[in-house]
Amino acid sequence: MEQYKKDFIEFMVDCGVLKFGDFVTKSGRKTPFFVNTGFYRTGSQLNKLGEYYGQAIKNTFGLDFDVLFGPAYKGIPLTVATAMRLSSEFGTDIKYCSNRKEVKDHGDTGILLGSPINDGDRVVIIEDVTTAGTSINETLPIIKAQGNVDVLGLVVSVDRMEKGNSTKSALAEIEEKYGLKTTSIVTMKEVVEHLYLKEYNGKVIIDEEIKSRIDAYYEKYKAENFSRILLLIYIILAIYFMLFSEAMGRTIHSDEYRYNLVLFKEIKRFIYNIETIGIVYVIINVVGNIVCFMPLGIILPMTSNKFKRLYKVLLLTFFFSLCLESLQLVFKIGSFDVDDLFLNTLGALIGYIVFYIVSKKKGKKNAKKKN
């Protein structure tokens, strides 16, 4: 866990924002923990909060966007504090904007407070905690009504990781419904991991009794992530076909280590000798190495917010392919081929592009329906 996440968890405890006990959420769920950002009440606290939000935004969305939008009312101080810290911390002058609950008909008229939103603006939405996605359903039409706007995504302080209106988490539902990227400063899993049986300021925040109540709560309300099951199935199948499949010749052991360390050498050999080798064999070895890794580029960004960034998907794919190629070399059941590393990573890139395009189209379609 990154240090700023640990610091933020302790910061929430210090401010009385994160509490453990007996609470009831807006949806009527009895919960053993509660996050109330209304307890950030001083200038120094808001300044520090803006720093944590700014770090989470930078890690997920980068700093190449125009407007930070905070839905009224709690989103107003969040967007102001974060915009100020983005300026002081990273030298990025991001405009802030919020909506009014009631349209103002005199003076500074309209429904928006702060900067206007213009055609072509790239917007990041900032909220405290999302449990049911109600706020985003109200917020997106307001933003979209301002013109041709690209909403990059949503950042919240804590991901409660519990069911929303379905078996998925509220953030996952938002991603699926609107095609938006979502992230949080921390998740409840990280909160528990950091505070469980740890003494902080002379007190154990999450003891055995509280931990058992949290576990019981998640037994009932934990969000399901079917994409992780798909990822596990994919990994098992990939290992089987690459290392154990008789049909792929993995049961035949070579007497020597075989490898190719020259990029494009084998690809060129297949293409130049396609008539001799046969088109089917070429397709299996060249196109197959691309197609077989396309699902990884689609599934990985679905499993976690950590893998929404393209470079992370490509790095993980490269590492996974490197492990498989190395095992083939060590056990002499194939060859280590840098061309395979290239083609596998290319396949993940294509898969990621497919995932991105489908997510964006789905988000625009749902947004139009909402309007």
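These legends accompany several close-up views of one predicted model. Local features need pLDDT of at least 70 and side-chain atom pairs count only at pLDDT 80 or more, while totals for chains, interfaces and linings use all residues. Residues are numbered from 1 along each chain as its sequence is written, and side-chain values use heavy atoms, with hydrogens and water left out.

View 1. Let us start with strand 7 (residues 150-159), where eight of the ten residues are buried, so the strand is largely enclosed by the rest of the structure. Buried here means under 20% relative accessible area, exposed means over 50%, and partly exposed lies in between (1.4 Å probe, protein chains only). Helices (H or I, at least four residues) and strands (E, at least two) are DSSP runs, numbered from the N terminus. Strand 7 runs parallel to strand 6 (residues 122-126), joined by five bridges, and parallel to strand 8 (residues 181-187), joined by six; two strands pair if DSSP finds at least two bridges between them. Leu 154 is a handy landmark: Ile 125 stands opposite this residue, and its bridge partner in strand 8 is Thr 182.

View 2. Strand 3 (residues 67-70) pairs with strand 6 in the parallel sense over three bridges, and Leu 68 has Val 124 as its bridge partner. Towards strand 7, Ile 126 is partnered with Val 155.

**View 3. The crossover through helix 5.** Strand 7, helix 5 (residues 170-178) and strand 8 make a right-handed β-α-β unit. Right-handed means that, with the strands pointing away from the viewer, the path from the first strand over the helix to the second runs clockwise. Which residues of helix 5 are buried? They are Ala 170, Leu 171, Glu 173, Ile 174, Glu 175 and Tyr 178. Just after the helix, Gly 179 takes a positive phi of about 70°.

**View 4. The nonpolar cores.** A nonpolar core is a set of buried Ala, Val, Leu, Ile, Met, Phe, Trp, Tyr and Cys residues joined through side-chain atoms within 4.5 Å. The largest one has 43 residues, of which Phe 8, Met 12, Phe 20, Val 191 and Leu 195 touch the most other members. Helix 1 (residues 3-15) supplies the largest share of this core, seven residues. A second, separate core of 19 residues includes Phe 69, Ile 142, Val 156 and Leu 180.

View 5. A search of the whole structure finds 15 aromatic pairs. One of them is the tilted pair of Tyr 352 and Phe 355, at 6.3 Å centre to centre and 50° between the planes. Rings of Phe, Tyr and Trp (its six-membered ring) pair if their centres lie within 6.5 Å; planes under 30 degrees apart count as stacked, over 60 as edge-to-face and the rest as tilted. Both residues are buried and lie in helix 14 (residues 338-370), three residues apart, about one turn of the helix. Elsewhere, Phe 8, Phe 11, Tyr 40 and Tyr 52 form one aromatic cluster. Finally, Arg 41 lies over the face of Phe 39, at 4.2 Å from the ring centre; a charge sits over a ring if NZ of Lys or CZ of Arg is within 6 Å of the ring centre and within 35 degrees of the ring normal.
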